[in-house]
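Here's a quick briefing on how two parts of one protein chain meet. Take a look at the structure first, then read on.

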Number of protein chains: 2
Amino acid sequence: MSAPLHRTRPAGQGRALPDTQQGMRRRNLSRVMHTVGAEGPLSRAAVASRIGLTRAAVSTLVDELIRSGLLEELGPERPGRVGRPGSALAVSGNGPAGIGAEVGVDHLAVCAVDLRGRVRARAVRHVPNRDRSPEPVLGELTALIHRVLAEAEGEGLWPAGLAVAVPGLVARDARTVVRAPNLGWLDTDLGGLLPPGPPLTVANEANFGALAELWLGEETPRDFLHVSAEIGIGAAVVVDGRLLHGNRGFAGELGHVPVWPDGPACACGGRGCLEQYAGEEAVLRAAGLEPGEDRVGLLAGRAEQGDAEVRRALHDAGTALGIALTGAVNLLDPQSVVLGGALSGVAPWLLPSLRSELARRTTGPACPVTVSALGPEGPLLGAAHSVVRGVLDDPAAVAGRV
Amino acid sequence: MSAPLHRTRPAGQGRALPDTQQGMRRRNLSRVMHTVGAEGPLSRAAVASRIGLTRAAVSTLVDELIRSGLLEELGPERPGRVGRPGSALAVSGNGPAGIGAEVGVDHLAVCAVDLRGRVRARAVRHVPNRDRSPEPVLGELTALIHRVLAEAEGEGLWPAGLAVAVPGLVARDARTVVRAPNLGWLDTDLGGLLPPGPPLTVANEANFGALAELWLGEETPRDFLHVSAEIGIGAAVVVDGRLLHGNRGFAGELGHVPVWPDGPACACGGRGCLEQYAGEEAVLRAAGLEPGEDRVGLLAGRAEQGDAEVRRALHDAGTALGIALTGAVNLLDPQSVVLGGALSGVAPWLLPSLRSELARRTTGPACPVTVSALGPEGPLLGAAHSVVRGVLDDPAAVAGRV
DNA sequence: CTATTTCGTCATGGCGGTTTACAAATTAGT
DNA sequence: ACTAATTTGTAAACCGCCATGACGAAATAG
């Protein structure tokens, strides 16, 4: 009699549906969408050879996707080779769109991205949201969303989902903001305060920034650490092209990694957390500046002019970041570390000390540290693209909702 | 014309083969093996309801697995319910076996585990391997393997694979030991020095220990951090039931996380690494003891007797571990932290300071820290079981090699 | 102008799970 | 005891999905 010794599910089959032919079909539809989306206009034959199915099979898949409005036939390819030219297929520019929204500390932004990855509508509003209650903020955001929605629908797009980036911790349900220090929000369910209709996903802006880096960045390693500093210092861990969420969804709290364990007390209860040395407030204080509007721009400006005090503050922040990242890199062995968000603006003065600290403390070739090319747009684009990816990942789910 | 904006592959489809019916069949065979293995003897009907296929489909899958010798029919179940009793199915006890081996600093061990998870043969030899060259060590290991192999074959088992746990860093090819400080091995390919035949997998002993914890531990969270201290201090990160390897396969180097960045210089080039405070040598030194045989037992004994110096040394090591783990927990938000390997022996004196440090420095409920129940057997069992899991994960691959 | 190559499609077939039906084996009820 | 109800395992017919092979279409090469 065999005892139940193998207690855990096989890796990666966490929620695998029963493996039936319909599931197979759905996955293959997804493969077609992904390859066409990733490698530009392609003929059916080209898609077939790339995903390993036959031309006949791809034909039926493509037919279904065209009927659903997710794929478009662009017409005959201009051939350079022998043989009959293929008919170019492209992801539809007039089908579903991903609506991304961002609640920043001093702005609100919304955009619509089509399946091709193009931003088709956008709306931004500068509003100081610090310590403002959720209702009015989300009311204004809803207005912006409706504006973008109207614009997008005018172009033939329809919303496949709404993703909202917030500067705070989000619960696993992807709807409730557990804590957003700079907004002063606690346990706020955004579900009821936003337009009904499109499926809602709320996540940390650092996470969406990391996904934007993964999907849109210049180089796209599948294992990296994305560090951003809008609120405190957040990191997002991407493993094998997937975000690491953690048990409660709180993974990536780099700001409270101990750097000098006997250092100044931190709001989190600890001492000497990274935020005490490289957080926005700490850096401003060390630089002898007052907190205020556009603080990063101020820092960058002064550093550019050669202000020794500012440069020294940024140098020290880089050192602290380097120490904290040494721990993270030792633990995760990522392909690279990417600095995003506000950090990208001051990167030139942060990087030297950061890199040398990291190199000094790790054996072998140091983990490369790069700066995100997306700048402050990352989280918003990541949010919108997350919806688009959802469509590519399971086109069949969306096809019924046209 | 749509530009190639979606550059990355869909998450989790890194190496997905073309999704064809044969792949479906293989995955379903795996599902059957996993459910029967995990939930003891089951009837075809019970399996069907669990994996969501029909009884008819499961019948054909089971037939194939029985023909391949991977499943056994135990006979009619004793029924408590109405209806025709099912025929109990169990994973075969006389089919393929996983051979696990361990190269320790002062011992060699080999065991054979059948598909039911039972250890069916074992051989251990105490040998001081410190700074001994690979050839003689692996020669002796090969002899032990042959002994275990003979014993297992006598019981009707055949080796489906050989997995070797080593105290060092292993390259991504899972054959070459890049660096094993305590053995003094550098860039050693174990491929040619071990018995040919069964497919070989070499990995860090901490990783295998973590897998053992995942597969055999009392509680089995799917996201946890497994900390062990055979050589230096290694951690293994398990995310969603899967080991995190990292880019070069070096993930989990907890020993070189900076704890007090201005502390004593470390061999790695850094300063104040965890190993300087909680490594075996450091703790022995702080306790006023000389390095020697069975050092952990010595420490535990003295601590038990109430030796103040030893207790203080362990207390301080716990504090350092707590600081390093604070960083790791903040970054990964695991369900729990498990202390394994040599650490389990001294855990009683390590835990109080470790836990309090961790609790003090993290907000919300602290991440639970537990001690592995597997003790020093973990890596060996994990190695053997990794082979067994490989069979459960793809029974079709092994069925042909009977 | 013909041979060659490649593309897209159609008809056929094989494979895999589902559906439906049914016999076998047990319990529950009278 | 005997029947009704329930559950199991299997067999036959069916449907969906991809593979195979053949074909016409549309380009290039000679």
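Let's start with the charges: between domain 2 of chain A and domain 3 of chain A, the salt bridge count is zero. Polar contacts do turn up, though, with two residue pairs found across that interface, both at pLDDT 80 or more. Keep in mind that this is a predicted model.

**Who gives what on the domain 2 side**
- Two elements of chain A, strand S7 (169-170) and helix H5 (205-216), each give two or more residues to the side of domain 2 that touches domain 3.
- H5(A) gives the most to that side, with five residues.
- Sorted by type, the residues on the domain 2 side come out as seven nonpolar, four polar and four charged.

- Domain 2 of chain A brings 15 residues to its contact with domain 3 of chain A, which brings 17 residues of its own.

**How much surface gets covered**
- Domain 2 and domain 3 of chain A bury about 1,300 Å² between them, and carbon and sulfur atoms give 56% of that.
- On the domain 2 side, the residues that lose the most area to domain 3 are Arg172(A), Asn207(A) and Ala210(A), and together they make up 37% of what that side buries.

Methods. Residues are numbered from 1 along each chain as its sequence is written. Chains are lettered from A and ligands numbered from 1 in the order in which they are written. This is a predicted model: local features need pLDDT of at least 70, side-chain atom pairs count only at pLDDT 80 or more; totals for chains, interfaces and linings use all residues. Side-chain values use heavy atoms; hydrogens and water are left out. Contact means heavy atoms within 4.5 Å. Buried area is the accessible area (1.4 Å probe) that two parts lose on being put together, summed over both. A salt bridge is a side-chain nitrogen of Lys or Arg within 4 Å of a carboxyl oxygen of Asp or Glu. A polar contact is a pair of N or O atoms within 3.5 Å; within protein, one must be able to donate a hydrogen and the other to accept it, and residues adjacent in sequence count only if both atoms are side-chain atoms. Helices (H or I, at least four residues) and strands (E, at least two) are DSSP runs, numbered from the N terminus. Ala, Val, Leu, Ile, Met, Phe, Trp, Tyr, Cys and Pro count as nonpolar, Asp, Glu, Lys and Arg as charged, and the others, Gly among them, as polar.
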